[in-house]
Amino acid sequence: MPTTPRDLPLEVLSALVDLGAELQAEEVDLPRVLRLATENAARLLGTHIAWLSLYDEAARSMRVAVSHGVTTPGFAEMQVVHGEGLGGAALATGGPVVVADYETWAAPGLVRDAMLREGVASVVCAPLLRGGEAIGVLYVGNRTRTDFSPTEVSVVSALAAQASIAIGNGKLYQGLLEKTRTLQATFEIHRVLGAAAVADLGLERVLATLGGLTGRRLVLEQHVVEPFEIHSEDPQETDPQGTEPQPVATVPVRRDGTDLGTISVFGEPLGELEENALSHGATVLALELMKHEAARAVEWRLRGELLEQLLEAEDVRSPDLVARAARHGIDLALECTLVVIDAPALGLPGLRTLVRRVLDSPASGVDRKTVLSGQRGDRAVVALVGEGHEPARFVEALLDRACGEVVWIGTSGGRPTIAAAMREASACCRLARLAETEGSHVVHGHTLGPLRFMVDMQDLGAASEFVDEVLGAVAAHEERGGARLLTTLRAFIEEDGNHERIAARCHVHVSTVKYRLGRIAELLGRPLQHWETRFEIALAFRLSDLVRAMPERRRPR
């Protein structure tokens with residue numbers, strides 16, 4: 001049975017001084033610091049047990065960190081909520097707390113039960129404080145009732161103070177050590193990534209290097225160069241429930257304020273070192289993407305010059321043009337679909353930017369390796385050569401990226417030469433501009449049907465004469481100040497003679513529609529119900545639109 005001496009002998013005080021020196025010397029090994037303080041507290045006071053609890057700011061509670069002389073397994077699991085128990089009282093007052101009869105003093109609860117199972121009868125504890133911050137509490141206890149003297153209480157307080165300083169110094173030293181290690185590791189990361197950037201390894205190998213440095217699976221998504229999605233390692237399969245792993249972080253890849261892509265990071269949450277590596281890695285990847293953008297800009301310029309030459313050339317199958325096109329991966333023997341885009345509100349620079357962004361998008365619906373892009377006047381021209389293209393999808397992407405600006409688009413069907421496709425697409429673009437509907441409009445060459453042959457005709461005089469023969473009388477009446485009979489007649493043809501729909505379209509009453517149709521029949525000199533009459537009128541309107549869509553130099557006088 002240990003004793004509790006009332007007066008500490010000189011050798012005990014000397015041991016206390018030696019212990020203080022030893023504790024102060026411990027700058028790194030915090031577990032040893034805690035163990036020394038606890039064991040020597042029991043040794044110097046001659047108590048049965050001693051333990052030290054550390055305060056967790058996040059959990060707002062204290063847990064036993066180290067103990068000496070404890071026999072029951074549940075004792076080490078004790079958790080004291082902030083402000084409660086002996087430890088809470090010591091931290092609240094900032095000084096030692098002495099309890100001679102613990103069973104009577106303690107309030108019922110899990111902590112009291114654990115203490116009594118251990119047989120604790122008397123306790124003295126002192127807070128571990130540093131700069132007013134709570135670190136923990138040092139306890140000593142006996143299984144027999146003990147009246148601790150002021151000297152013994154002072155010893156516990158002195159040990160607690162020494163442990164506080166040692167723990168604080170140890171944490172500070174450990175923090176500086178970790179900072180130094182992080183700094184050294186960061187330098188190494190920058191060196192490796194810098195070497196990768198200089199070596200021009202390419203996107204795949206730079207991403208793989210970054211994944212190795214961070215120990216993370218990474219996915220780069222970008223819109224500059226194919227493939228648009230790159231993995232640092234083989235993609236993981238979905239789990240048995242069919243769900244895919246979610247990234248723990250997303251790092252933007254930017255250059256001069258422009259978003260080029262993102263890096264998705266998988267695995268455990270990121271530490272400071274991984275964040276530094278990913279930040280630097282994103283910069284290196286941005287440089288790689290900028291290299292690709294610069295190379296592609298040159299390629300687009302050369303392809304634009306080739307398109308201009310093909311549109312101007314009399315013989316597009318000349319050996320020089322065929323060879324030049326082949327260097328760009330273009331086979332002039334293949335059919336070509338042309339897209340002509342007109343957007344006055346955007347201006348030519350804005351229109352070029354719109355087309356470039358759509359062509360750069362993975363959702364453009366085109367194979368960029370067989371695309372020529374340029375301009376004719378104030379309109380953009382895109383040639384889709386051969387197969388592998390979805391013109392309708394490309395047009396939809398243009399309209400989506402236009403963000404509400406009015407855009408008129410014409411497309412050709414597959415034509416044997418770029419010049420033929422250009423004539424058809426230009427005519428369709430003009431038809432789109434002439435459309436009565438407000439806002440953006442698209443006319444596809446295949447919708448011209450049998451009239452496609454007229455796009456290649458040099459003399460449209462006969463077509464104009466036919467239009468005048470069929471619609472001239474109605475047009476002349478309207479020009480003299482009559483009602484809008486041409487508009488009503490077009491609605492009659494396109495709405496298949498339905499009076500209600502014609503009235504809604506022309507914003508007039510049904511009775512007005514009936515009156516106008518009767519007047520039109522008088523001017524034409526024949527009833528409108530006959531199928532031959534309707535066919536001629538429909539054809540006249542289509543020819544009229546097509547003639548108006550032709551360039552000025554090809555229109556009949």
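Guide: The structure holds 1 cavity of 30 Å³ or more. This is a predicted model, in which local features need pLDDT of at least 70 and side-chain atom pairs count only at pLDDT 80 or more, while totals for chains, interfaces and linings use all residues. Residues are numbered from 1 along each chain as its sequence is written, and side-chain values use heavy atoms, with hydrogens and water left out.

Visitor: What makes a set of points a cavity?

Guide: On a 1 Å grid over the protein atoms alone, a cavity is a set of points where a 1.4 Å probe fits but cannot get out. Grid points are joined across faces, edges and corners, and the volume is the space filled by probe spheres set on the points. For the largest cavity that space is about 70 Å³.

Visitor: Which residues line the largest cavity, and how many of the lining residues are nonpolar, polar and charged?

Guide: A lining residue has an atom within 4 Å of a point. The lining consists of Leu310, Val316, Arg317, Asp331, Leu332, Leu334, Cys336, Val385, Pro416, Thr417 and Ile418. Ala, Val, Leu, Ile, Met, Phe, Trp, Tyr, Cys and Pro count as nonpolar, Asp, Glu, Lys and Arg as charged, and the others, Gly among them, as polar. The lining therefore divides into 8 nonpolar, 1 polar and 2 charged residues.

Visitor: Why is Thr146 called buried?

Guide: Buried means under 20% relative accessible area, exposed over 50%, and partly exposed in between (1.4 Å probe, protein chains only). Thr146 has a relative accessible area of 5%, so it is buried. Thr146 belongs to the loop between strand 6 (133-142) and helix 6 (150-199); helices (H or I, at least four residues) and strands (E, at least two) are DSSP runs, numbered from the N terminus.

Visitor: How do you know that the side chain of Thr146 makes a polar contact with the backbone oxygen of Thr144?

Guide: The two are 3.0 Å apart. A polar contact is a pair of N or O atoms within 3.5 Å; within protein, one must be able to donate a hydrogen and the other to accept it, and residues adjacent in sequence count only if both atoms are side-chain atoms.

Visitor: How many disulfides does the structure hold?

Guide: The structure holds 0 disulfides, the term being given to a pair of cysteine sulfur atoms within 2.5 Å. For Cys428, the nearest cysteine sulfur is that of Cys429, 8.8 Å away, so Cys428 is in no disulfide. Cys428 is also buried, because its relative accessible area is 0%.

Visitor: What makes Trp51 and Tyr139 a stacked pair?

Guide: Rings of Phe, Tyr and Trp (its six-membered ring) pair if their centres lie within 6.5 Å; planes under 30 degrees apart count as stacked, over 60 as edge-to-face and the rest as tilted. By this rule there are 3 aromatic pairs. Trp51 and Tyr139 have a centre-to-centre distance of 4.7 Å and 10° between the planes, so they are stacked. Because Trp51 lies in strand 1 (residues 49-56) and Tyr139 in strand 6, the pair ties together parts that are 88 residues apart in sequence.

Visitor: Why is the pair of Tyr102 and Trp105 called tilted?

Guide: The ring centres of Tyr102 and Trp105 are 6.4 Å apart and the planes stand at 35°, so the pair is tilted. Tyr102 and Trp105 are 3 residues apart in helix 4 (residues 102-105), which means a separation of about one helical turn. Tyr102 is buried, at 3% relative accessibility, whereas Trp105, at 43%, is partly exposed.

Visitor: What is the phi of Cys403, and is Cys403 buried or exposed?

Guide: Cys403 has a positive phi of about 55° although it is not a glycine. Its place is the loop between helix 11 (391-401) and strand 14 (408-411). With a relative accessible area of 67%, Cys403 is exposed.

Visitor: Where does Asp496 lie, and why is Asp496 called exposed?

Guide: Asp496 lies in the loop between helix 14 (485-494) and helix 15 (499-506). Its relative accessible area is 56%, so Asp496 is exposed. Phi of Asp496 is also positive, near 55°, in a residue other than glycine.

Terms used: On a 1 Å grid over the protein atoms alone, a cavity is a set of points where a 1.4 Å probe fits but cannot get out, and a pocket is an open set with protein on both sides within 12 Å along at least five of seven lines; lining residues have an atom within 4 Å of a point.
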